[in-house]
Amino acid sequence: MKPLLEVRGLTKHFPVEQGFLSRGKKMVRAVDDLSFSIAAGETLGLVGESGCGKSTTGKLIVQLLEPTAGELFFEGKNITHQSGRERRALARDIQIIFQDPYASLNPRMTVEQIVTEPMKLHLNLGKKELEQEVLRLMNTVGLPSFYRNRYPHEFSGGQRQRIGIARALALKPKLIVCDEPVSALDVSIQAQVLNLLDDLQEEFGLTYLFIAHGLNVIRHISDRVGVMYLGNMMELAPAKPMYANPLHPYTQALLSAVPIPDPKAVKNRILLEGDVPSPINPPSGCRFHTRCRYATERCKLEVPVLQEVEPEHFVACHLMDER
């Protein structure tokens, strides 16, 4: 069975300007040789510290950024370098929900205008059909129909994110990139939005790439989880094995920091020393070796390969060779 989306060696470097003489000599290595796939109907959670390249990966997939290298395949078709017309057509199948539910909405447009905008660009619908679609979408995401003539500033954060979800659903896409869609919301509202996304996936057969830095959020919604660090994939596995038995030292440290809602529980916290290295000048070998308690000379010199060490469990770590 072919995956819905396949990412092969995806790379994105941003040039850093440091004056006239040194312009373009340094690069921010936001995403470096990233590979994974997503099956139809699946939710892949992408997690990691801020600045690890998660959001850049999402923007590359929805064609908001042009990759430096690598390839993207959607339904078996190479979509890496497409013309403007091809990209517009692809927008019907791949949509994005942004992190900030206010900044991503035009403050001068009503809910009805926001939701119908993509339909006017891509679908040949009459005025009455557009009105019916707006009412259907608002009902789907849990917004009363009489809100359709209101503006974004008249809504709460959770309601604004529901508007963003309705806009993403307008073209009936197959894949939705959720770029930290609940990180700007209160915890109680986060649960509501996550449950809504779950319900929509079941109802419409959606596929999600869910980007977040909250491990509890990722655990709740994901079928598989990918852990990124400095633009590289460190570990990729189904959610249950990942949380029950993390194999990469970085994943182990991340999960050890997740709070347990039990004041009597004793948890061994793994503290990482030092800060995340600069993506302008990442460490040689394994990107994580400068903060890893198991690092050896090999880790400093040789880049580990993401390899399958258990069924469907992939890890990029030299320690796995000993297994």
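Start with the eight-stranded sheet. This open sheet has the order β6-β7-β8-β3-β9-β10-β12-β11, and its pairing is mixed. β6 (94-97) and β11 (307-310) stand at the edges with a single partner strand each, so one side of each has no neighbour in the sheet. From one strand to the next, the twist averages 25 degrees.

Before I go on, the ground rules. This is a predicted model, where local features need pLDDT of at least 70 and side-chain atom pairs count only at pLDDT 80 or more, while totals for chains, interfaces and linings use all residues. Residues are numbered from 1 along each chain as its sequence is written, and side-chain values use heavy atoms, with hydrogens and water left out.

Now some terms. Helices (H or I, at least four residues) and strands (E, at least two) are DSSP runs, numbered from the N terminus. Two strands pair if DSSP finds at least two bridges between them. Strands of a sheet pair through backbone hydrogen bonds, either parallel or antiparallel.

Strand β9 (residues 224-229) and strand β10 (residues 232-238) run antiparallel, joined by six bridges. Tyr229 has Asn232 in β10 as its bridge partner.

Next, the helices on this sheet. Helix α5 (residues 157-169) lies across β6 and β7 (175-179), at about 175 degrees to β6. Helix α6 (residues 187-204) lies across β3 (43-47), β6 and β8 (207-212), at about 160 degrees to β8. Axes are lines fitted to C-alpha atoms, for helices over the stretch in contact, and angles run from 0 to 180 degrees between N-to-C directions. Contact means heavy atoms within 4.5 Å.

How do α5 and α6 meet? Their axes come within 10 Å and cross at roughly 20 degrees. α5 and α6 are therefore roughly parallel to each other (angles under 35 degrees count as roughly parallel, over 145 as roughly antiparallel, 65 to 115 as roughly perpendicular and the rest as oblique). Residues making the contact include Ile165 and Leu169 of α5, and Leu196 and Leu200 of α6. By class, this contact has seven nonpolar, three polar and one charged residues. Here Ala, Val, Leu, Ile, Met, Phe, Trp, Tyr, Cys and Pro count as nonpolar, Asp, Glu, Lys and Arg as charged, and the others, Gly among them, as polar.

Last, the four-stranded sheet. This one is also open, ordered β2-β1-β4-β5, with antiparallel pairing. β2 (26-38) and β5 (77-78) stand at its edges. Inside, β1 (residues 5-16) and β4 (residues 69-74) pair over five bridges. Val7 stands opposite Leu72 in β4.
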